[in-house]
There are 2 protein chains.
Amino acid sequence: MYSYQLLYAFVKKLFLRIGCSEDDACIVADVLLSAELRGIESHGLLRIPDYINLWKNNRINVKPNITIVHETPGTAVIDGDSALGMIAGKKSMEIAIKKASQCGTGWVSTRNSNHFGIAGYYAMMALEHDMIGISMTNANPFVAPTFSVDRLLGTNPIAVAFPADKQPAFVADFATTPIARGKLDLMHKKGIKAPYGYVQDKAGNPSNDPNIITQGGAIVPLGGDYEHGSHKGYCLGSIVDILSAVLSGACYGPWVPPIVAYLPVKENPDVKGTGHFFGAMRIDAFRPAEEFKKMMDKWILTFRNSKPIEGQEKVLVPGDPEREMEAVRKKEGIPVMPLLIEKVNEIAAELGIKKL
Amino acid sequence: MYSYQLLYAFVKKLFLRIGCSEDDACIVADVLLSAELRGIESHGLLRIPDYINLWKNNRINVKPNITIVHETPGTAVIDGDSALGMIAGKKSMEIAIKKASQCGTGWVSTRNSNHFGIAGYYAMMALEHDMIGISMTNANPFVAPTFSVDRLLGTNPIAVAFPADKQPAFVADFATTPIARGKLDLMHKKGIKAPYGYVQDKAGNPSNDPNIITQGGAIVPLGGDYEHGSHKGYCLGSIVDILSAVLSGACYGPWVPPIVAYLPVKENPDVKGTGHFFGAMRIDAFRPAEEFKKMMDKWILTFRNSKPIEGQEKVLVPGDPEREMEAVRKKEGIPVMPLLIEKVNEIAAELGIKKL
């Protein structure tokens with residue numbers, strides 16, 4: 001087990017060492033550690049080798065000049081100048097929140113960014129302002145549309161956060177696929193098969209090989225197959241891609257720059273980097289925030305207190321498992337796989353900073 | 001086969017007969033016939049008996065005074081005054097579009113409404129204004145959250161429409177469940193079993209009985225089961241419910257007034273009627289509309305021209321099947337099941353209008 005403080009200091013030092021400013025290194029550490037605390041390890045320290053690799057390949061600018069390309073009082077397009085996604089993401093969401101505080105709602109589409117970690121981090125930034133927070137991003141093209149063998153979409157997550165009164169906030173944060181790539185990697189490493197309904201092989205046949213996406217296979221959209229509504233998951237992933245990239249001028253579909261070595265970087269001069277989309281809506285632009293939050297409490301209690309299926313302890317409200325995990329890990333520390341410790345320590349040695 | 005004109009005139013006359021204004025009767029006919037043309041029969045004439053039944057039970061106000069409860073330049077809460085959902089829905093989306101034309105984006109949450117037909121109708125209203133259109137609604141509580149036996153959500157559809165240049169618009173319109181209730185009804189009537197992954201029995205066990213929801217069973221969220229991401233479908237349905245109802249003060253979760261006789265109407269004095277949520281975003285609040293629409297063309301062609309799985313004719317872009325169906329039905333007419341003709345003719349006889 002590692003303490004939050006220890007890991008935070010390590011990540012901060014590492015990103016300072018590659019040239020990030022003090023503020024930026026703190027943001028990266030905060031977003032990655034927030035994923036670790038919430039139990040979303042696939043978006044925590046595990047991504048550090050990818051980020052460092054992108055930096056080595058000159059695909060990340062550690063001194064970015066993030067600019068507003070176009071704006072109205074309630075909207076903006078932001079150019080991330082190849083920043084780490086967390087830096088461009090946090091700045092973009094701050095702008096959405098500022099615009100919402102002035103206009104009722106604020107909407108930002110961001111181009112020329114990189115992988116931004118957990119989508120929920122940005123959506124949750126709205127909560128303390130009594131706003132609804134929304135964030136989404138496109139990602140590595142691993143996902144085949146319904147009926148297609150080609151990989152044209154990412155796992156394109158959506159996060160939405162609603163503030164409540166005495167109850168903890170509702171926080172949904174989910175990929176628009178049945179499974180995250182990180183979890184497939186883990187199954188492959190453990191030598192176990194994947195359930196059917198996660199992936200297809202390069203000809204589009206159902207597969208249970210968790211490593212199939214390194215061999216031309218693809219993740220399927222949420223729903224799994226057409227009969228069970230995969231075209232709806234395909235719609236969702238597409239909506240995320242268009243709001244994040246076509247609206248901002250970021251790389252869309254198969255051109256989203258991958259962060260894994262086994263997908264090629266496809267050049268497209270019309271578009272730039274990874275795209276994100278952020279929204280903030282002031283509750284009191286619709287009704288008094290206190291009224292809404294009290295009704296959210298009732299909504300949450302109705303769902304949490306509903307009757308569980310036999311064998312299940314309880315019915316969860318979106319955000320419950322992550323919040324419960326956060327409480328445990330803040331007290332007891334954060335477990336990190338020995339293999340990952342080895343990997344980040346290699347990077348630490350290379351960069352000349354103290355190992356974990 | 002029935003011509004569009006014939007069916008339109010019939011529906012219009014029917015709703016005039018129960019007391020709707022000329023304008024309102026035309027809106028109802030337009031929304032229902034739009035569903036028939038687009039091949040979404042589950043939201044067309046099939047719903048007329050439900051609507052008439054609600055009217056007989058004084059649950060629909062045919063002379064509604066639809067009011068703005070609260071507004072800012074870019075947002076509003078609308079009270080539908082128990083109008084037919086199509087009337088409250090169209091008016092709400094018009095307000096969202098007007099606000100977007102002035103402010104960049106417009107957002108409307110509507111309470112005290114009823115079933116509004118196809119969500120896509122309202123989202124598509126934004127297209128001719130070079131805006132992105134969004135619409136969603138809550139609905140009859142038929143859906144059990146992941147791990148729950150209780151029915152707390154509707155099939156809560158989401159529609160998003162993006163304008164394109166030479167290509168037809170991207171129009172996604174989908175329930176946040178694997179299957180619509182109407183399709184289960186149809187399987188039951190045909191005496192066939194449902195595939196597993198659509199419904200559960202009243203104890204929460206997987207079921208293949210398409211009639212199980214009349215016996216305490218439930219539809220499951222998109223994803224099917226927890227292993228395949230049903231918690232993501234549950235998140236989506238919840239987000240629709242909260243934006244449509246908690247934000248407006250409509251009935252949420254299990255209190256949404258059902259339009260079928262086998263679900264009880266649950267009283268809740270805090271909240272009113274069915275809820276909807278609408279959004280309109282002016283493209284040029286982000287980037288020149290021409291640029292966006294040209295890039296949408298490229299996006300659409302990339303997806304439509306991708307390689308289909310063997311045995312599939314082509315890869316579809318959201319909106320393709322409905323648009324193709326519309327072209328056929330405008331030319332060849334609209335097929336209506338004899339049983340449905342019988343049913344609406346009974347209503348016609350009762351109301352003293354000419355039968356179909």
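# A walk through a two-chain model

Leaving aside its neighbours within four places in sequence, Y121(A) is in contact with V31(A) and S34(A). That is our way in. The model is predicted, and every value below is computed from it.

Start by placing Y121(A). This residue sits in helix α5, residues 119-124 of chain A. Is Y121(A) buried or exposed? Count the C-beta neighbours inside 10 Å. There are 27, so Y121(A) counts as buried. A residue needs 20 or more such neighbours to be called buried. Now look for F286(A). In sequence, Y121(A) and F286(A) are 165 residues apart. In space, their C-alpha atoms lie 24 Å apart.

Stay in chain A and go to the loop between β2 and α4 (85-103). D81(A) has its place in this loop, and S82(A) is found in that loop too. Look at their backbone angles. Most residues other than glycine have a negative phi. D81(A) is not a glycine, yet its phi is positive, about 50°. S82(A) is not a glycine either, and its phi is positive at about 60°. What about their surroundings? D81(A) has 18 C-beta neighbours inside 10 Å, so it counts as partly exposed. S82(A) has 22 inside 10 Å and therefore counts as buried.

Next, turn to chain B and its sheets. One is an open sheet of 7 strands. In what order do the strands of this sheet stand? Read across chain B: β1-β2-β3-β10-β4-β5-β6. The pairing is mixed. At the edges stand β1 (67-72) and β6 (170-174) of chain B. Each has a single partner strand, so one side of each is left without a neighbour in the sheet. From one strand to the next, the twist averages 10°.

Take β2 (residues 75-79) and β3 (residues 105-113) of chain B. They pair in the parallel sense, over 5 bridges. Find D79(B), and you will see R111(B) of β3(B) opposite. Now take β5(B) and β6(B). They pair in the antiparallel sense, over 5 bridges. Here F162(B) stands opposite F170(B) in β6(B).

How many of its residues are buried? The count is 5 of 5, and the strand is mostly covered. Both faces are covered. On one side are F170(B), A172(B) and F174(B), and on the other are V171(B) and D173(B). They are all buried.

Which helix lies across β5 (158-162) and β6 of chain B? It is α7 of chain A, residues 230-246. This helix runs at about 135° to β6(B).

Consider the whole contact. Chain A gives 62 residues to it, and chain B gives 62 residues. Several elements of chain A each supply at least two residues to the side that touches chain B. Among them are the strands β1 (67-72), β5 (158-162) and β6 (170-174), and the helices α7 and α8 (289-304). By class, that side of chain A has 36 nonpolar, 20 polar and 6 charged residues.

How do the two copies relate? Turn chain A by 180°, with a shift of 0.0 Å along the axis, and it can be laid on chain B with an RMSD of 0.0 Å. The copies are thus related as by a two-fold rotation axis. In chain A, the C-alpha nearest the axis belongs to G223(A), at 2.3 Å from it. The same surface serves both copies: 100% of the contact residues of chain A recur in chain B.

Chain B also has an open sheet of 3 strands, in the order β8-β7-β9. Its pairing is antiparallel. The edge strands are β8 (206-207) and β9 (218-219), and each pairs on one side only. Strand β7 (residues 199-200) pairs with β8(B) over 2 bridges. There, V199(B) stands opposite S207(B) of β8(B).

Finish with a helix of chain B. Helix α10 has 14 residues, 338-351. At 1.5 Å a residue, the helix should span 20 Å, and its end C-alpha atoms are 20 Å apart, which agrees. Just after α10(B) comes G352(B), with a positive phi of about 75°.

Conventions: Residues are numbered from 1 along each chain as its sequence is written. Chains are lettered from A and ligands numbered from 1 in the order in which they are written. This is a predicted model: local features need pLDDT of at least 70, side-chain atom pairs count only at pLDDT 80 or more; totals for chains, interfaces and linings use all residues. Two strands pair if DSSP finds at least two bridges between them. Helices (H or I, at least four residues) and strands (E, at least two) are DSSP runs, numbered from the N terminus. Axes are lines fitted to C-alpha atoms, for helices over the stretch in contact, and angles run from 0 to 180 degrees between N-to-C directions. Two residues are in contact if their C-beta atoms, placed from the backbone, lie within 7 Å. Ala, Val, Leu, Ile, Met, Phe, Trp, Tyr, Cys and Pro count as nonpolar, Asp, Glu, Lys and Arg as charged, and the others, Gly among them, as polar. Copies are superposed by least squares on the C-alpha atoms of residues with pLDDT of at least 70 in both. A residue is buried if 20 or more other C-beta atoms lie within 10 Å of its own, exposed if 12 or fewer, and partly exposed in between; C-beta atoms are placed from the backbone. The expected span of a helix is 1.5 Å times one less than its number of residues.
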